[in-house]
Amino acid sequence: MATDSSNPAGPHLDSLTVGTAQFRPPARRVARGAIALWTVENLIGVAFAVAPVAAFAWLVDATDPAWLPGFVVEHVWWAPLLALVLGAPAVLVAPTWRFAVHRWEVTADVVYTRSGWFDREWRLVPISRIQTVDTTRGLLERMLGLATLDIRTASHAGSSKVEGLPAGVAAAIAHDLARRAGALRDDAT
Amino acid sequence: MTDDPQHPASETVAPQHLSPRVLAIHPLRSLRTFAIPLIGVVILGQGSSSSLVAAAVGVVFAVVIPLLRWVTFTYSIRDDRLQIHQGLVSRSTRTIPLDRVRGVDVSAPLLHRLFGLAVVHVEAAAGGEAQDEGTLDAVTAAEAERLRALMLRRRQATGDVQPAEPRTGPAYARLRRRWFLYAPLSATYLLAPLALLASVVGFAVEIAGQVNGVDEERARRIVEGVLGAPEVVVPVLAAFVVAVPAVSVLAFAVINWDFTLRGRDGSLVTERGLFTRRSVSLERRRIRGWELVEGLLERLAKAGRLRAVITGLAGEATRAQLLPLAPRSEILATAARAVAPFEAALTAHPPAARTRRLFRACLPWAVGAVVAWLVAPWPLAVAFLVLAALGVPLGLDRYRSLGHAREGARVAVRSGSLRRRQAVIEGRAVVGWTVKQTWFQRRVGLATLVVGVGAGRGGYSAIDMSEEGAAEFAGHVTPGWVEPLLVRAPRRGTAATDPPTVS
């Protein structure tokens, strides 16, 4: 943090603790299969984005409508190409990058996750406040033997999701969390 | 049915009907709705027998249906459940367990008030997330108070519930008449007269169209004629400029007349309204904090609004209101009295946050200006440039608004410029933390900390804290479960100084 040295006030109470605090990374990685999962998912996503643009380009190319300037008609195939170039990182880079970032950990009190790639997000959900724990397995996830763990509290900002867990691990955690959440139940939502 | 049921001392209400006086209200109400169509039928039918029959049928329905509804509608409270039976052919029973009741609102529209009646609206959490509701329209005012006390008091087994308990609770706040003058500063009330005007104009156009058969072409010519005549337009505009604030004050007064906030039976109860008196009960054990909301104009006048942060309340925007518009000092004092005090000065966010606010306020418009310069007529580019320039004071003000603080068991976060919100939340109500960091934030060592709360808006963001500040803050508020996740690096650079505070 860039401290403001011009401030005349005395030392902050917090400076009694030695050093500056940082969140440590959660201990465990997700399954390697998650890379394949994200690659296929993003591939489908990019395909859905590019397809209508390509269809439009084809239509313009075929019909040569008068209401479009000649420049646009001539270079209409640039549009799907641009969409493809913009979408490429999501397929080629994002999955491996995500794999490097995504981590999770269940401590005695907290479900702690880190996710994202370009942007990152850390989530801390206390087990005593957990209301529901879901595991979901989409078609792709089932083919890859993976599962998504969905942990919810009364607040969307206090809820967490772990994608790309080995199915067995996800089921075991869900079971464990549900049991512990019940035991630790805190009245305040 | 009487105001004084058979077992006033026990927590039961024998099955009973609504007040018979609703039989006077409901036909009046439906007649009001049907009056114009009925008159229309009679006039257009030119008094023919069939039109009279139709009118008679309408009147009968207006009387008979409410009667049937009254006869078949009963409610009871037994075994900690509110049960509402209704329906003539298909009977339905709604059961609301009292421990699921989240709020009991009592409102009395003008007509109800004339007859000494009130509508009781019970809001309950259904098994899942969906809201389940029960409405008793209507019971006597005394019965409404008794039901409210019964339903909200069940936890304290006092066994002595007096009907129509007097307003013994302390009044935490009372709206002063002169605060009505703040109304034009509030977008909500400033827009009210405009909406009214729009509906009046729309209505007039519709009527004119029906009466004179004014076609669109003629209408356009009339409008153009009016707009082209300054001797008409100028006075109209002047009247408008005077009328809009006046009407907004009026609207505010009608809605918030004699607004009071008091404590009663473990709840905060607000009451307001000139014609329709509306009262909302907010259970204290569901209140997780409060929020001070200030629009830009309101902030210039040192005024704002106070709202409770409360779990499971539908229609929160208006119902969680603890003070509709009042001087800032009064709001803070009221919040301290009614919910919890918070006096700590907010810690300012690092200077990098200012750069980021400025970028975000200016950059989109600047880019827009460049694009517009290239492809569109120049006035558009100039407009974008003006907006980009306005982004400078906006961004600076947004930065000045940013702040966070901790006082005892409570945390506060603040952000926003055109609509600045400061939320004060009980630390024990925190159900999770989220730290968000975009690529740009990471480069300059900033992060946004979101306080997860199972109430109000769900998450309250401390935008652009320093990375370390965010971790420290979460660690201090909920040390039990955050500290184990923190690592402490040796301090780098100069000795830490107290970060500056903002007002």
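## Helix packing in chain A

This is a predicted model. In chain A, helix α3 (residues 78-92) packs against helix α4 (residues 94-101) at an angle of about 40°. Their axes lie 4 Å apart.

On the α3(A) side, the contact is made by A:Pro89, A:Ala90, A:Val91 and A:Leu92. On the α4(A) side, A:Ala94, A:Pro95 and A:Thr96 take part. By class, the contact residues of α3(A) with α4(A) divide into 6 nonpolar, 1 polar and no charged.

## An edge-to-face pair in chain B

Over all chains, the structure holds 10 aromatic pairs. One joins B:Trp433 and B:Phe473. Their ring centres are 6.5 Å apart and their planes stand at 75°. Planes over 60 degrees apart count as edge-to-face, so this pair is edge-to-face.

The pair links distant parts of the chain. B:Trp433 belongs to strand β19 (residues 430-437) of chain B, and B:Phe473 to helix α14 (residues 467-477) of chain B. The two residues are 40 residues apart.

## Aromatic cluster and a charge over a ring

One aromatic cluster is formed by A:Trp97, A:Trp117, A:Phe118, B:Trp439 and B:Phe440.

A:Trp38 has a charged neighbour. The charged end of A:Arg98 sits over the A:Trp38 ring, 6.0 Å from the ring centre.

Notes:
Residues are numbered from 1 along each chain as its sequence is written. Chains are lettered from A and ligands numbered from 1 in the order in which they are written. This is a predicted model: local features need pLDDT of at least 70, side-chain atom pairs count only at pLDDT 80 or more; totals for chains, interfaces and linings use all residues. Side-chain values use heavy atoms; hydrogens and water are left out. Axes are lines fitted to C-alpha atoms, for helices over the stretch in contact, and angles run from 0 to 180 degrees between N-to-C directions. Contact means heavy atoms within 4.5 Å. Ala, Val, Leu, Ile, Met, Phe, Trp, Tyr, Cys and Pro count as nonpolar, Asp, Glu, Lys and Arg as charged, and the others, Gly among them, as polar. Rings of Phe, Tyr and Trp (its six-membered ring) pair if their centres lie within 6.5 Å; planes under 30 degrees apart count as stacked, over 60 as edge-to-face and the rest as tilted. A charge sits over a ring if NZ of Lys or CZ of Arg is within 6 Å of the ring centre and within 35 degrees of the ring normal.
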